[in-house]
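I opened my notebook to jot down what I looked up in this structure. Here is how it went.

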Amino acid sequence: MSATSTAADQSLLEMIAADEQSLLRTGAVARELLARHSDLPLHGARLKYGGEIHLKAPTAEDVRAWAARLDADVTERTDDPGYGPFRHTDVVTVIDGVQVHVWHCRMLSEAEAAAWRENRGRS
């Protein structure tokens, strides 16, 4: 094995080690967050590459409860990807350098969808 190949291999191994450390840190923040707020409901928790935690809440009200606890703002939006409008409720904040995203999404009922289509772009 040449010195150049060994240096390149070492650089790749260092990159992998850095990614592993980042994911371990993200996991530690996620575990602490869930332990500290175990009374708040969740349906799922995922660690994402790049230092992100995604927490799926059962309802929009649960997202609001997480936002209050994390002292963060809630955003809501409705989108229609072509097969029916969805209501997205999110809170995104950073804890110890890790982005935390708590979210809920639901499809609008037929009546809600009709009202949303009628008023789209207003309010």
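These are my entries, grouped by topic.

**Before I start.** I reminded myself that this is a predicted model.

I began with strands S1 and S2. S1 covers residues 44-48, and S2 covers residues 52-56. How many bridges join S1 to S2? I found 5 bridges, and the two strands run antiparallel. The strands make a hairpin with 3 residues between them. In that turn I noted Gly50, with a positive phi of about 95°. I also looked for what sits across from Ala45, and it turned out to be Leu55 in S2.

**His54.** Next I picked a residue within S2, namely His54. Which side chain does the side chain of His54 make a polar contact with? It is that of Glu52, at 2.9 Å. Leaving aside residues up to four places away in sequence, I listed what His54 touches: Gly44, Ala45, Arg46, Lys48, His101 and Trp103.

**Gly27.** Then I moved to helix H1, residues 3-36, where Gly27 is found. Is Gly27 buried or exposed? I put it down as buried, because its relative accessibility is 4% and the cut-off for buried is under 20%. I also checked Gly27 against Val98: they are 71 residues apart along the chain, and their C-alpha atoms are separated by 9.7 Å.

**Aromatic rings.** I searched for aromatic pairs and the structure holds 1. Tyr83 and Phe86 form it, 5.7 Å centre to centre with 80° between the planes. That angle makes the pair edge-to-face, because the cut-off is over 60 degrees. Last, I noted that Tyr83 is exposed, with a relative accessible area of 59%.

Terms used
Residues numbered from 1 in each chain as written. Predicted model: local features only at pLDDT ≥ 70, side-chain atom pairs only at ≥ 80, totals over all residues. Heavy atoms only, no water. Helix = DSSP H or I, 4+ residues; strand = E, 2+ residues; numbered from the N terminus. Polar contact = N/O pair within 3.5 Å; in protein donor to acceptor, adjacent residues only side chain to side chain. Contact = heavy atoms within 4.5 Å. Phe/Tyr/Trp six-rings, centres within 6.5 Å; stacked < 30°, edge-to-face > 60°. Buried < 20%, exposed > 50% of the residue type's maximum accessible area, 1.4 Å probe, protein only. Pairing = 2+ DSSP bridges.
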